[in-house]
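Trainee: I would like to learn how to read helix packing and a ligand site. Could we work through an example?

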Amino acid sequence: MSQFEYERLHHNLKLLDLITFESILDNYLEVATKESKSIIEILDYLVAQEVQSKEARSFDLRMRLAGFPVQKRLDDFDFNFQPSIDRASIKELASLKFVHNAENVVFLGPPGVGKTHLAIALGIEAAKAGFRVNFINASILAERLAKAEMLKRLEEKIRGLSKFQLLIIDEIGYLPFDELGAHCFFQLISRRYEKASIIFTSNKSYGEWGDIFKDHVIAAAILDRILHHCTTINIKGESYRLKDRKRQGLIPQSFPG
Ligand code: ADP
Ligand code: MG
């Protein structure tokens, strides 16, 4: 290989954005020559390394876009601590069929039982599988939607969110929605209905959702769409946060979780 061809090869690899291929080429060719690798083996190795690093980079990008407040994995979840959760249901959700089918998931339960943990863990599984995911707090979302509506940009905002195949809306019910927030939220739910998935977490039972949206008619319309294709995981247990404090003796063992 002439110097000209050598330089053109490196130049073209960079031009094609084959960064890893280009950066490991020289070293690998040296090793491959010593080990008498065939041309196919060499090409296969270099291309495979490029694919692997591209996949890792796009996963990192999806994780950044997702905006998870913390990273929580399914493997870190102690199912023994929370026996009301059916492991098989979570395993089924982790297969991500619900994302493929544009279905919803709702985690209900009191504070500290792992709703957000499981929602994030499923979000990470989805990001690993190549889905675009976005995590957002319900009150912040309602505020942003209402602001967009006031600027006549609700449509644009909802279209922006539709690029995410999975939206995780955390903490529905901690703060009530005002009328505008509820109206905008309904628009978002209607637009994603049967098209893209949402995971919700809430400390309020469905019966109490009317109070969150104040307007019971809107609440019913929202719930109707969410629940049509939905898996509900109702967690009835003790707070994991309290568990640690109980162990440290800060709270009496009989304190209700
Ligand atoms: P929630 O959203 O239901 O209020 P979180 O998911 O935020 O609760 O859980 C509170 C904390 O306890 C988090 O740090 C979470 O990772 C941890 N946690 C909750 N349940 C479990 C569990 N069963 N196994 C391991 N960690 C848990
Ligand atoms: Mg939470």
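Mentor: We take a pair of helices, then the ligand. Keep in mind that this is a predicted model.

Trainee: At what angle do helix 3 and helix 6 pack, and how far apart are their axes?

Mentor: Look at the two axes and their directions. Here helix 3 (residues 39–66) and helix 6 (residues 115–128) pack at about 145 degrees, and their axes are 9 Å apart. The crossing is right-handed.

Trainee: Which residues make the contact?

Mentor: Helix 3 contributes F59, R62 and M63, while helix 6 contributes I124, A127 and K128. Sorted by class, four residues of this contact are nonpolar, two are charged and none is polar.

Trainee: Which residues come nearest to ligand 1?

Mentor: There are 14 residues around ligand 1, and D78, G112, K115, T116 and H117 come nearest. Next, check for polar atom pairs, which count when N or O atoms are within 3.5 Å. A polar side-chain atom of H117 is 2.6 Å from an oxygen atom of ligand 1. For the side chain of K115, the distance from an N or O atom to a ligand 1 oxygen is 2.8 Å, and for K72 the corresponding value is 2.9 Å.

Trainee: How much of the accessible area of ligand 1 does the protein cover?

Mentor: On its own, ligand 1 has 550 Å² of accessible area, and the protein covers 87% of that.

Technical notes:
Residues are numbered from 1 along each chain as its sequence is written. Chains are lettered from A and ligands numbered from 1 in the order in which they are written. This is a predicted model: local features need pLDDT of at least 70, side-chain atom pairs count only at pLDDT 80 or more; totals for chains, interfaces and linings use all residues. Side-chain values use heavy atoms; hydrogens and water are left out. Axes are lines fitted to C-alpha atoms, for helices over the stretch in contact, and angles run from 0 to 180 degrees between N-to-C directions. Helices (H or I, at least four residues) and strands (E, at least two) are DSSP runs, numbered from the N terminus. A crossing is left-handed if the near helix is turned anticlockwise from the far one by less than a right angle, and right-handed if clockwise. Contact means heavy atoms within 4.5 Å. Ala, Val, Leu, Ile, Met, Phe, Trp, Tyr, Cys and Pro count as nonpolar, Asp, Glu, Lys and Arg as charged, and the others, Gly among them, as polar. A residue is near a molecule or strand if one of its heavy atoms lies within 4 Å of it. A polar contact is a pair of N or O atoms within 3.5 Å; within protein, one must be able to donate a hydrogen and the other to accept it, and residues adjacent in sequence count only if both atoms are side-chain atoms. Accessible areas come from the Shrake-Rupley method with a 1.4 Å probe; for residues, only the protein chains shown count as cover.
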